Amino acid sequence: MWWLRGRRDVREPLQMNVDRYEKPVAMSDPGRHAALFDGLPRGPSALAATVQGLLIHQHIAPAYGVTLGGDRQAQSQVRAVETMLGEIVARDARPLAVARAVDQRQVGVCRHFTLLHVAMLRTQGIPARARCGFGAYFEAGKYIDHWVTEYWNEDRKGWVLFDSQIDDRQRELFGIGFDAADVPRDQFLVAGDAWSLCRAGSRDPSAFGILDMHGLWFIAGNLVRDIGALNNREMLPWDVWGAMRMQDSELDLAFFDRLASVSREPDAHVDELAALDRDERVRVPGAVFNAVLDCVQDL
């Protein structure tokens, strides 16, 4: 991580931050279903293939010939890996390494693929964390709301982005030419990079978002979600809390500039990242507003 140059002691804070992503905690904890991870194939790519055999993306299901009813779509509201696993094996008790038929897979979105991948990697002792940001590979000229895995590659001594959602069907569907196991940093922008580029005037905020929701305010929301994920609180993409706002004019720009610095270089801001987990503008509270269900939910 040579971009940490200039700090007096790089190795110690970097190692501290790597260590905190080595074991499943909170939402990534398989809990009572931990034994289901025994015997899984090893390594990031093999685990991503396992995840792809268990999950189907709510909004990409038609590309697999699957039509989802309302009860199936509701599965995307599940937050914890433990609950996801419980629902998967309730339908099919076979080992997780056995791919389910496409119409029998657990429904989720990018965040669910990422979190399950992170949980499996951590169980194998591979440091991993979920990152919230924007993918440039779904729609030309757009940066679409998205989550990917960031795992510690010991051989390279650095963090690598891995999009565990992208299988062969999606590679074809979206015309993706790069390796999803090593996503280029200009193809997936963590929220802090997206914010900084837009603030510098080198990107148009209206290109960032999803559906009819775009703009600096949307990037700011993902900044809060990314900081939450870096503190091992991987929320749903539509969970709203704290400093999130619906209008650019309501944003505290200086505060989000600060968050962007942490999001861009979390290993250089270990202490600040921990402090933000105590800041009511960022830390995940006991209840959040679910914007899809239009209600407040206790966690």
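Guide: Start with Leu-116. Not counting residues up to four places away in sequence, Leu-116 touches Phe-37, Val-51, Leu-54, Leu-55, Val-81, Met-84 and Leu-85. (Contact means heavy atoms within 4.5 Å.) Before you go on, note that this is a predicted model: local features need pLDDT of at least 70, side-chain atom pairs count only at pLDDT 80 or more, and totals for chains, interfaces and linings use all residues. Residues are numbered from 1 along each chain as its sequence is written, and side-chain values use heavy atoms, with hydrogens and water left out.

Now the wider setting. The largest nonpolar core holds 70 residues. Leu-116 and Phe-256 have the most contacts inside this core. (Such a core is a set of buried Ala, Val, Leu, Ile, Met, Phe, Trp, Tyr and Cys residues joined through side-chain atoms within 4.5 Å.) Helix H8, residues 216-230, gives the most to the core, with 10 residues. (Helices, H or I of at least four residues, and strands, E of at least two, are DSSP runs numbered from the N terminus.) A second, separate core has 12 residues, among them Val-148, Leu-161, Ala-180 and Val-183.

Leu-85 sits in helix H4. Leu-85 is buried, with a relative accessible area of 0%. (Buried means under 20%, exposed over 50%, partly exposed in between, with a 1.4 Å probe and protein chains only.) Beyond its neighbours within four places in sequence, Leu-85 is in contact with Pro-30, His-33, Leu-36, Phe-37, Leu-96 and Leu-116. For a sense of scale, pick Asp-277, 192 residues from Leu-85 along the chain: their C-alpha atoms are separated by 27 Å.

Look at H4 as a whole, residues 81-91. Its buried residues are Val-81, Met-84, Leu-85, Gly-86, Ile-88 and Val-89. What covers them includes strand S1 (55-57), strand S2 (106-108) and helix H5 (110-123).

How do H4 and H5 meet? Their axes come within 10 Å and cross at roughly 100°. (Axes are lines fitted to C-alpha atoms, for helices over the stretch in contact, and angles run from 0 to 180 degrees between N-to-C directions.) That makes H4 roughly perpendicular to H5. (Under 35 degrees is roughly parallel, over 145 roughly antiparallel, 65 to 115 roughly perpendicular, the rest oblique.) Val-81, Met-84 and Leu-85 of H4 make the contact with His-112, Leu-115, Leu-116 and Ala-119 of H5. These residues divide into six nonpolar, one polar and no charged. (Ala, Val, Leu, Ile, Met, Phe, Trp, Tyr, Cys and Pro count as nonpolar, Asp, Glu, Lys and Arg as charged, and the others, Gly among them, as polar.)

H5 also packs against helix H2, residues 44-52. Here the axes come within 9 Å and cross at roughly 135°, so H2 and H5 are oblique to each other. From H2 come Pro-44, Leu-47, Ala-48, Thr-50, Val-51 and Gln-52. They meet Phe-113, Leu-116, His-117, Met-120 and Leu-121 in H5. The tally is eight nonpolar, three polar and no charged.

Move to H8. Helix H7, residues 191-199, packs against H8 at about 150°, with the axes 8 Å apart. H7 and H8 are therefore roughly antiparallel. On H7, pick Ala-191, Gly-192, Ala-194, Trp-195 and Cys-198. Across from them in H8 are Leu-216, Ile-219, Ala-220, Asn-222, Leu-223 and Asp-226. This contact divides into eight nonpolar, two polar and one charged.

Past H7, stop at Ala-207, in the loop between H7 and strand S7 (208-210). Ala-207 is buried, with a relative accessible area of 10%. Beyond four places in sequence, Ala-207 is in contact with Gly-141, Lys-142, Tyr-143 and His-214. Ala-207 and Tyr-143 are 64 residues apart in sequence, but 5.8 Å apart C-alpha to C-alpha.

Last stop: Asn-232, in the loop between H8 and strand S9 (239-240). Asn-232 has a positive phi of about 65° although it is not a glycine. Asn-232 is buried too, at 9% relative accessible area.
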